[in-house]
Amino acid sequence: MIYELGHFSLMLALAVALVLGVLPLWGAHRGHAPWMAMARPAALGQFLLIALSYAVLTHAFITDDFSVLLAAQHSHTALPLIYRFSAVWGNHEGSILLWSLILAGWTLAVALFSRRLELPLVSRVLGVMGLINCGFLLFTLFTSNPFERILPAPMDGKDLNPLLQDPGMAIHPPMLYMGYVGLVVPFAFAVAVLLSGKLDAAWARWSRPWTTAAWCFLTCGIALGSFWAYYELGWGGWWFWDPVENASFMPWLVATALIHSLAVTEKRGSFKMWTALLAILAFSLSLLGTFIVRSGVLSSVHAFATDPARGVFILLFLVLVIGSSLALFAWRAPRVGMGGQFEMVSRESMLLVNNVLLLVATAAVLLGTLYPLLIDALGMGKLSVGPPYFTAVFVPLMTPALFLMGVGPMARWRQAEVGDLARRLRWAFGLSVVAAVIAMVWVQQWSPMTGLGLWLAVWIACSTLGQLVERIRAGSSTGLVQRLRSQSGSYYGMLLAHLGVAVFVAGVTVVSSFQSESDVRMEVGDTADAGGYTVRLEGVQLIQGPNYSAARARLLVTKGDSVIGMLEPERRIYLVSRMPLTEVAIDRGIWRDVYVAMGEPVSATAWSMRIHHKPMVNWIWGGCLLMALGGLLAVLDRRYRARRAVSPAHAGNPLQAATAGAAA
């Protein structure tokens, strides 16, 4: 009975989403306030119904009710509790239901935190989000029913994919989905203002914190996925340009461009149509990523779907959403003015160049991702596009973009002087060159790419700190503390995010240039060297886990006469699936990782071991964390909270409300 309730609540959620997607939009078009007023209650009802359905599905996994086919296929009585929760979304049907739940959550959040917006605009935004969820609920009910039953119920389940039995997978997918799905908010704002024809600076201010919040989640989700692949898959890499990785990276690139474009639209009234187009493209790439992962066109630990009907449904939905939004954009674009004018050398022009570079890089990644799939679909053979292509194309595009990160924030709005920029940035440029040269001499190795990467990292850091020093010096407050406190949260967020990029670039450069790896055969007492560290095999013992058996090695790590630590990698065999899996052991540090993966036994007394030395690899994820924290600071900027204090006289006029809030 309970599972019929879960299925019925999904059908009710579809009906409510349809009401949310039709009546408020029609009411906004006709100026009918009662219909527009239905948007917020419908958003709440939709969320509660989908949450109920998700809770019912979770109940099946937690209680080992294998009469639910999904639980029988992806769970087991010996599965630890935390992985029963993550198993709910560790499959196609559950992940799509999670998508709908998160989309309903974003819709409810917009409904709750948009009290100061005009009712017609809120109605259009929530209506668009409701229509999008209609598509996913239809997809769930007709092609991906999570409540399908199997009777008689099996005594036990088939277990969750062992690769997904990791704490990181309890966090990574929801975090990634929060970013993926969160891009629907700026998309809905863009479509809403295109429908109304009021493409002014106010909509950019309203949608900017939502976009930044989604970008933060997406940044954390991608970083967690990279970190999980690094320590779980056993090959020691942090990015492989896999199609599933690219499916999340492409929306992130466009969302990064969108954040900067929204800033220009809000502050200068420029880039209005460009910003709307970026909002459409960002969410369109999220839908495209869903098609890549859920259509069955590729095999991956992330790709669950194998039914071609699902791929056809998603493709049709993708064409409908992207086609209709781009058609609306093409219809409205000729009627919108150019906005504020700016010179060739200005902050606007540099942000525009950066955005174009990000879009071209996205197009390059899109080509490398889809072209092999297209060739395969046409029966023209198998084609592999790997890291060499992406490195050769992506790095040259990102190099000028990273350089402009140091110049753009120092340039003045509307018009800047080249000589003035050169004078203000001379110390940052000189320090970055000197630091890069010293680093190369210190490590006694040199290559053009290494030198370029280190110079860019130091250049971004020095120019970012130089911006802060210059701004503090120009402040009108009397004391240093007062000048620091007078800066906005979004400004500090920008600085922190840019410093995060510098840390990220430094980590990528160093680990790519100076990492070492060795595959060795080891018996008890044997030693191997990696990056100046000595690893000695002390012994191997058999252990029994909750749902696996394993051989666990004990390896002593030393450097000279100093003992660094004991590493215990495992070679597991999961009892139900009989799938072997390597559980790596890592001695972590700020400056390096010593990484050991245990392979197959090569004799009765010897094992194969893969030993890595990864200098500064943790700077990669540390940089991502700084970027996300920078975005969080920007979201929490008091300017966005100041809208609550806008007087009723301004509440009806979005431009006046935005101006009053910015002044506050």
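1. Ser248 sits in helix α11, residues 243–268; helices here are DSSP runs of H or I with at least four residues, numbered from the N terminus. Setting aside neighbours within four places in sequence, Ser248 is in contact (heavy atoms within 4.5 Å) with Leu176, Tyr180, Leu218 and Ile222.

2. A quick word on the model. It is predicted, so local features need pLDDT of at least 70 and side-chain atom pairs count only at pLDDT 80 or more, while totals for chains, interfaces and linings use all residues. Residues are numbered from 1 along each chain as its sequence is written, and side-chain values use heavy atoms, with hydrogens and water left out.

3. Now look at helix α1 (residues 2–30) and helix α3 (residues 39–62), which pack at an angle of about 160° with their axes 8 Å apart. Axes are lines fitted to C-alpha atoms over the stretch in contact, and angles run from 0 to 180 degrees between N-to-C directions. That angle makes α1 roughly antiparallel to α3 (over 145 degrees; under 35 is roughly parallel, 65 to 115 roughly perpendicular and the rest oblique).

4. Who makes that contact? From α1, the residues include Ile2, Leu5, Leu12, Val16 and Pro24, and from α3 they include Ala42, Leu49, Val56 and His59. By class, the contact of α1 with α3 has 18 nonpolar, 6 polar and no charged residues (Ala, Val, Leu, Ile, Met, Phe, Trp, Tyr, Cys and Pro are nonpolar, Asp, Glu, Lys and Arg charged, the others, Gly among them, polar).

5. Helix α3 also packs with helix α7 (residues 119–143), at an angle of about 25° and with the axes 9 Å apart. That makes α3 roughly parallel to α7. Here Ala39, Arg40, Gln46 and Ile50 of α3 meet residues of α7, among them Leu119, Val122, Gly130 and Leu137.

6. Finally, the largest nonpolar core has 175 residues, and Met129, Ile132, Phe187, Phe189 and Trp203 have the most contacts inside it. Such a core is a set of buried Ala, Val, Leu, Ile, Met, Phe, Trp, Tyr and Cys residues joined through side-chain atoms within 4.5 Å. Helix α10 (residues 201–232) gives the largest share of this core, 16 residues. A second, separate core of 18 residues includes Met522, Leu555, Val596 and Met609.

Definitions and conventions:
Helices (H or I, at least four residues) and strands (E, at least two) are DSSP runs, numbered from the N terminus. Buried means under 20% relative accessible area, exposed over 50%, partly exposed in between (1.4 Å probe, protein chains only).
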